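Reader: Could you take me through one part of this model up close? I'd like the aromatic pairs and the helix packing, told as one connected story.

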Amino acid sequence: MELIWVLSLLGATIIMFALNKPRMDAVALIMMTVLPFTGIISINEALAGFSDPSVILIAAMFVVGEGLVRTGVAQRMGDLLARRAGGSETRLTVLLMSIVGGVGAFMSSTGVVAIFIPVVLRIAGNLGLAVGRLMMPLSVAALISGMMTLVATPPNLVVNSELHRRGFEGFSFFDFTPFGVPILIMAILYMLFARRWLVSRDERTRARASRPRFATWAKEYDLLGREYRLAVSSSSLFAGRKISMLDLRSRSGVNIISIERKKRFTTEIIKPHPETEIQAGDVLFMDVGTKDFDIDDFCRRHGLRRMPLTGTIFTDQSKLIGMAELMIPADSDLVGKTVVDAAFRSTWGLIVLGIKRGKKPMERMVATEKLNIGDTLLVVGPWSAIRKISQGDRQELIVLNMPAEMDDLVPAPSRAPYALVVLGLVVAMMVTGVVPNVHAALIGCLLLGLFRCVDMASAYRSIHWQSLVLIVGMLPFSLALQKTGGIDLAANAMRTAVGDAGPQVMVAALFVVTAVFGLFISNTATAVLMAPIAIAVATEMGVSPLPYCMAVALAASAAFMTPVSSPVNTLVAGPGQYTFMDFVKIGVPFTVAVMVLTVFLVPVVFPFQP
């Protein structure tokens, strides 16, 4: 009777998941509340998931991922990935899945996903791609990364430990690789085809894509070709002089936007002020507002050297230098004044690059043009100055548009080396096993705080609480099924049904049962339950237990079919805006393909007769 109650509640849960009503974390909370009323588990057992190490590990890895985001490491990874992809969604999918599969071979797959979610969000926004077409390939590759090495996922270690306890040799570190690599290749090819079944453009991508970018404004205000990078030589007339002494703006129509200055180990971007002293070796980022400007003559007269540009209208400096469109309101004191008269740089810390009156940009030198009501000004300067003017009094200036580049800002770019060192230390601790994975992740969180890569507010914001509640709410089902004998009953039925069949049929049967159990309980718990059965069946059939145990380990990681079959799927369900059925239609065919490959490949690598 108790088993009927548990199965009924489990069936109701699956139906609500499939209908997506109510939302999945609410369903999990409902079941966590209802299960103790059956008397099968206590309320303390129902709430035990909140202290589960895997839940704490997931939360901690969110914070580690936030450290990489806040310091710009994730941003640079995304830039590199997008640059290599060259705007091709196909190439991007291949590179993303390959990198995630490789990185996840040496650390927690949930940690890899937590780190790469912000990377994928940023790439999708920059390239105007639907996030939903990238999140599923991310989760699939992360799950397959658990099939790459012995330490890649807990089920592998569980199965290996059971073999050692029964007196068998067990698996070596790379025994899983011959299965993981071909499965990853098959997954990449499959996702290139199956991604068409995923959601189309989502609202987040549309909103971001509709916002202007630096390059958009460069064309609208006819700024192309006005920017220069000039290096200051030791004999330059600029060296040792303050910007105010040069009087470049009124004499030549030249504005110094920023100064690049080399330090011992890094390069510093300096925000110029009238009292800033230029030094030999500095690289000046300049905007020239006059036509027919002879840059070569200017460099020759002042001892400067032209440097190559790495972006359009300072897009390569968008992490430090911002742009915005401002409008002159009717009651502004700026009406009738020129940009020079208004002391724009001294008052607001911003430089006016262009002025639009109506829809057309002015072709004359903007510094001496009198401002009218309704004029639109394109300004450039530090992001802090732009934020300040957007939060200030709107009587003088109204902010019309902020660029999409503002979303790419990172609060602590100088802390990136510390974040990388901490990440390396966390991975090293996880690989070597000197401390448990959750302990390694918690140490990483504390170190990120110590080095000011994250603060408490950003750490709490980074945790995806909906995913954690969903995982915690589903854990009591595992205990309830064990207490009522549901799992033992299913295992005995499987042994009876397949007992006299050939060894390859048993590989397929073990894979199917393990995968089905994995729909409802964690893959680690599934491995704990199925590994002894696999060894017992092998002993009865007189064959090596290695192929059967490998089938169990691979099936435990093949949790592609539902959003709750693995924390990896749960993490991407929200950002990807997936429904329960999205995982079913993508995951079920691929799980069958993995099973077929496993049935044929396992006996080749691990013969039934040792």
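**Aromatic pairs and packed helices**

Author: Let's start in helix H16 (residues 344–348), where Phe 344 and Trp 348 sit four residues apart, so about one helical turn separates them. Keep in mind that this is a predicted model. The rings of Phe 344 and Trp 348 form a tilted aromatic pair, with 4.8 Å from centre to centre and 45 degrees between the planes. Phe 344 counts as buried because its relative accessibility is 1%, and the cut-off for buried is under 20%.

That pair is one of 13 aromatic pairs in the structure. Another brings together Phe 238 and Phe 298, this time edge-to-face, at 6.2 Å centre to centre and 70 degrees between the planes. Here the pair links distant parts of the chain: Phe 238 lies in the loop between strand E1 (227–232) and helix H13 (243–246), while Phe 298 belongs to helix H15 (residues 295–302), 60 residues apart. Both Phe 238 and Phe 298 are buried. There's also an aromatic cluster, made up of Phe 171, Phe 176, Phe 179 and Phe 606.

Now for the helices. Two packed helices are described by the angle between their axes and the distance between the axes. Take helix H18 (residues 416–432) and helix H19 (residues 437–450): their axes are 9 Å apart, and they pack at an angle of about 165 degrees. With over 145 degrees as the cut-off, that makes H18 roughly antiparallel to H19. Their crossing is right-handed. On the H18 side, the contact uses Ala 419, Val 422, Leu 425, Val 426, Met 429 and Met 430, and these meet Asn 437, Ala 440, Ala 441, Ile 443, Gly 444, Leu 447 and Leu 448 of H19. Sort the residues of this H18 and H19 contact and you get eleven nonpolar, two polar and no charged.

Next up, helix H23 (residues 503–517) and helix H25 (residues 545–557), whose axes come within 8 Å and cross at roughly 30 degrees. H23 and H25 are therefore roughly parallel to each other, and H23 passes H25 in a right-handed crossing. From H23, the contact draws on Pro 503, Met 506, Val 507, Leu 510, Phe 511, Thr 514 and Ala 515; from H25 come Tyr 548, Ala 551, Val 552, Leu 554, Ala 555 and Ala 556. The tally for H23 with H25 is twelve nonpolar, one polar and no charged.

Terms used. Residues numbered from 1 in each chain as written. Predicted model: local features only at pLDDT ≥ 70, side-chain atom pairs only at ≥ 80, totals over all residues. Heavy atoms only, no water. Phe/Tyr/Trp six-rings, centres within 6.5 Å; stacked < 30°, edge-to-face > 60°. Helix = DSSP H or I, 4+ residues; strand = E, 2+ residues; numbered from the N terminus. Buried < 20%, exposed > 50% of the residue type's maximum accessible area, 1.4 Å probe, protein only. Axes fitted to C-alpha atoms, helices over the stretch in contact; angles between N-to-C directions. Parallel < 35°, antiparallel > 145°, perpendicular 65-115°, else oblique. Left-handed = near helix turned anticlockwise from the far one by under 90°. Contact = heavy atoms within 4.5 Å. Nonpolar A, V, L, I, M, F, W, Y, C, P; charged D, E, K, R; others polar.
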